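Colleague: Please take a close look at the sheet in this model. Then place it against the nonpolar parts of the chain.

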Amino acid sequence: LATYNLQLKSFSMSGLKKTILFLSDLAILYGSLALTVLIRYQGEFFVNRFLTHLTPFSFIFAGWLLILYLNDLYKINALRNKKDIARRLFPSVIIALALSTIAFYLFGNFFELTPKTNLVVFSAIFFIADYLSRSWFLKILSKERTAVAIFGASPLLEETISYLKNNPQVGYDIRLHFSSIAQTLQNDLRQKITGEKIKIAVIEPALVKNQNSLRALYNLLPLDIQFINFWHFYETIFEKVPLEEVGEEWFVENIYNYRPLYDKIKRASEIVLGVILTALLLPLALIISL
């Protein structure tokens, strides 16, 4: 239950952070458009000119958001530092600018607009504003971290600890690490956990099979901490399963029974949606191919 609660909380927080980034990008896109119109026309007939640009640019913005997503700019793990943000954001803006220019000229009759200069000005404003916004967001994420104690030792666990120490934006602060529970029996484990204000205890599955280790962990239950299996913790951080370490029990826990009716409906919906999306996105696919 504690594992489930932590997974739910972690994914909820991850989803919240991604939603904030998405809404921030959306606001910056429209704000950049407004500022572009203001700069280009010195405020003359601002409202009318902005409304003229609003509808065609709204279609273009969907493509911009998709390109940002494909370049992993909505993955919290990708926001390692300001240099990495710029390295991902700059080519995304260039690609989006190029595709937007092509779209405006190929479908000029539909958009009723071919804003070549405006697109360049808009792209520059968006890049600066979005870079500053993501840098500020990275700074906030690096400050708000959850205190974690890790029990266990394995190459993958050591890699995970190293990764979290080098990537504070992920949100976990490794304050204690015990290679085995036996090591902690010689000291006051409860005092250390309380002193470091630990909120999450990550347990390597092999340790739980030992009765002494299990008893030591049991004594920590009265404390206000959550316990989580290392496999689930790894999956929460990297959004993938550590196949090199999981045992047979993971497959027993996570593979569900065959459900004929559900599977048939799911397969049918996939085919229908696939046909519809193919028809809708085929023009865009042709543009990207060119």
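Modeller: Four strands form an open sheet, and the pairing is parallel. The strand order is β2-β1-β3-β4. This is a predicted model. At the edges sit β2, residues 172-178, and β4, residues 226-229. Each of these edge strands pairs on one side only. From one strand to the next, the twist averages 25 degrees.

Now take one pair. Strand β1 covers residues 146-151. Six bridges join β1 to β2 in the parallel sense. Ala147 stands opposite Asp173, a residue of β2.

Next, the nonpolar cores. The largest has 27 residues. Leu29, Leu33, Phe57, Trp64, Phe122 and Phe126 touch the most other members. Helices α1 (2-41), α2, α3 (82-106) and α5 (116-143) each supply at least two residues of this core. The largest share comes from α2, with eight residues. A second core is separate and holds 18 residues, including Leu157, Leu164, Val202 and Trp231. In soluble globular proteins, nonpolar side chains tend to be buried together.

Last, the surface. There is a nonpolar patch of about 1100 Å². Among its residues are Leu66, Tyr69, Leu70, Val272, Leu273 and Ile276. Helices α2 (46-70) and α13 (260-289) each supply at least two patch residues. Helix α13 gives the most, with eight residues. Val272 lies in α13.

Note on methods:
Residues are numbered from 1 along each chain as its sequence is written. This is a predicted model: local features need pLDDT of at least 70, side-chain atom pairs count only at pLDDT 80 or more; totals for chains, interfaces and linings use all residues. Side-chain values use heavy atoms; hydrogens and water are left out. Patches are made of residues with over 30% relative accessible area and no salt bridge: like charges are joined within 9 Å, nonpolar side chains (Val, Leu, Ile, Met, Phe, Trp, Tyr) within 5 Å. Accessible areas come from the Shrake-Rupley method with a 1.4 Å probe; for residues, only the protein chains shown count as cover. A salt bridge is a side-chain nitrogen of Lys or Arg within 4 Å of a carboxyl oxygen of Asp or Glu. A nonpolar core is a set of buried Ala, Val, Leu, Ile, Met, Phe, Trp, Tyr and Cys residues joined through side-chain atoms within 4.5 Å. Buried means under 20% relative accessible area, exposed over 50%, partly exposed in between (1.4 Å probe, protein chains only). Two strands pair if DSSP finds at least two bridges between them. Axes are lines fitted to C-alpha atoms, for helices over the stretch in contact, and angles run from 0 to 180 degrees between N-to-C directions.
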